[in-house]
Structure formats: C-alpha cells, structure tokens
Amino acid sequence: MVRGRGYKRSSNKGSLVVMFAALTLLCVYLANVLPALRITFYFISSVFLMGIMMERRTVTAFVTFTAVLFLGFLIVPVKLGMLPYLFFFGHYAIFKFYVDGSRQGAGAVIVKLVYFNVCAALIYFFTDGWMIAQIPFNIPWWGLVVAGELIFLFYDWLFSKAAHWYYGALRSRLVGSSRF
C-alpha cells in the first residue's frame with residue numbers, strides 16, 4: 001500500500017498496542033530503578049492499558065498485561081517491584097472499565113475501595129511490607145489504611161481524568177476515526 005493522501009493511521013492496529021505495551025514496560029521499569037516517583041510511574045503504567053480498554057479490546061488488554069508482567073520479571077532488577085504491577089496497577093484499568101460501565105455513584109466507589117484494599121493487602125503480604133518500608137516516616141497501620149484509601153480515591157479520580165483526556169483529545173490523533 002502506498003502511503004499517500006488516502007492512508008489512514010488506524011490501518012496498522014498492532015503498532016498502537018505495541019507502543020502502549022512498551023510504554024507500560026518502561027514505566028514499570030522506571031518505578032523499580034528510580035529512587036523517587038515510584039507510585040507515579042506505577043500509575044502511568046496503568047494508564048496505557050486504559051487506552052486499550054477504551055477501544056473495547058479486553059483480550060488485547062489481558063495479553064498486554066501478561067506480556068508486560070513476563071518481560072518485567074525478566075528485566076526489572078528487583079523482582080519484588082513487579083508485585084505492585086501484578087496485584088494492582090497492571091489490571092486496574094480492566095477492572096475500572098467494567099465497574100464504571102456497570103455501576104455509578106457510591107456503589108462503584110465502594111466496589112473499587114474493596115478491590116483496592118484486597119490488592120493492597122496482597123501487595124503488603126507478598127512483599128513483606130516492601131512498599132511500606134519505602135515511606136520515610138512511621139505511621140500507625142490504621143493511618144496507612146486511611147491514607148491509602150484517600151490516595152486511592154485521588155488516584156481513581158486522576159485515572160478517570162486521564163481516560164477522558166485520552167478519549168476526548170488523544171484518541172483521534174492516535175487511531176483516527178475508526179477503531180484500532
């Protein structure tokens with residue numbers, strides 16, 4: 001096919017998914033090797049799967065999650081650093097897409113808070129508190145739970161804003177007028 005005036009960027013469906021997967025892997029890697037901004041890079045890593053989910057490509061999102069997880073365990077120097085991606089950040093976009101699509105208001109918030117608490121407990125127990133050890137000051141366990149839930153609500157709000165920005169401004173530039 002000659003690339004001319006009639007060429008559509010969306011005809012190459014796989015390249016956008018590969019780009020999202022590569023950026024996700026880069027963010028997971030940076031979350032593990034940089035001394036600061038760890039949670040920020042985990043957050044950004046979860047946003048790329050949201051783009052795939054907004055195109056209603058659930059199987060592609062699961063495959064991307066699995067591929068990034070596998071490659072991350074191969075290249076990330078501290079293997080414990082992959083567990084937050086495994087237990088929460090890697091699949092939150094898939095979960096959020098379905099919860100926000102099926103529930104609204106307080107019901108959705110409660111379901112997401114329960115999901116977050118289960119995932120946070122898994123991360124804590126499987127890493128022996130590795131993420132907690134990164135906090136430079138002492139907080140009682142109940143303070144960590146409350147702070148974690150408040151931070152999660154802010155995270156979920158930011159995630160929703162990123163999803164609206166993707167769908168409203170960025171999607172048309174990446175995939176054109178048709179689905180990828």
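Modeller: What follows is a close look at one helix and the things around it.

First, the ground rules. This is a predicted model, where local features need pLDDT of at least 70 and side-chain atom pairs count only at pLDDT 80 or more, while totals for chains, interfaces and linings use all residues. Residues are numbered from 1 along each chain as its sequence is written, and side-chain values use heavy atoms, with hydrogens and water left out.

The chain has eight helices and zero strands (these are DSSP runs numbered from the N terminus: H or I of at least four residues for helices, E of at least two for strands). Of its 180 residues, 40% count as buried, where buried means under 20% relative accessible area, exposed over 50%, and partly exposed in between, with a 1.4 Å probe and protein chains only.

The part I'd pick is helix 2, which is mostly covered, with 13 of its 17 residues buried. Its length checks out too: at 1.5 Å a residue those 17 residues should span 24 Å, and the end C-alpha atoms sit 25 Å apart, which agrees. (The expected span is 1.5 Å times one less than the number of residues.)

Most residues other than glycine have a negative phi. Leu37, in the loop between helix 1 and helix 2, has a positive phi of about 65° without being a glycine. With a relative accessible area of 53%, Leu37 is exposed.

Now for a residue inside the helix. Ser45 lies in helix 2 and, at 0% relative accessibility, counts as buried. Skipping neighbours within four places in sequence, Ser45 is in contact with Thr24, Cys27, Val28, Tyr85 and Phe89; contact here means heavy atoms within 4.5 Å.

Tyr85 turns up again in the largest nonpolar core, which has 45 residues: Tyr85, Phe88, Tyr92, Tyr155 and Phe159 touch the most other members. (A nonpolar core is a set of buried Ala, Val, Leu, Ile, Met, Phe, Trp, Tyr and Cys residues joined through side-chain atoms within 4.5 Å.) Among the helices that each supply at least two residues of this core are helix 1 (13-33), helix 2 (38-54) and helix 8 (141-175). Helix 2 gives the most, with nine residues.

On a 1 Å grid over the protein atoms alone, a pocket is an open set of points with protein on both sides within 12 Å along at least five of seven lines, and lining residues have an atom within 4 Å of a point. Of the 14 lining residues, the closest to the centre are Met54, Lys96, Phe97, Asp100 and Ala163. Helix 2, helix 5 and helix 8 are the elements giving two or more residues to this lining.

Key
On a 1 Å grid over the protein atoms alone, a cavity is a set of points where a 1.4 Å probe fits but cannot get out, and a pocket is an open set with protein on both sides within 12 Å along at least five of seven lines; lining residues have an atom within 4 Å of a point.
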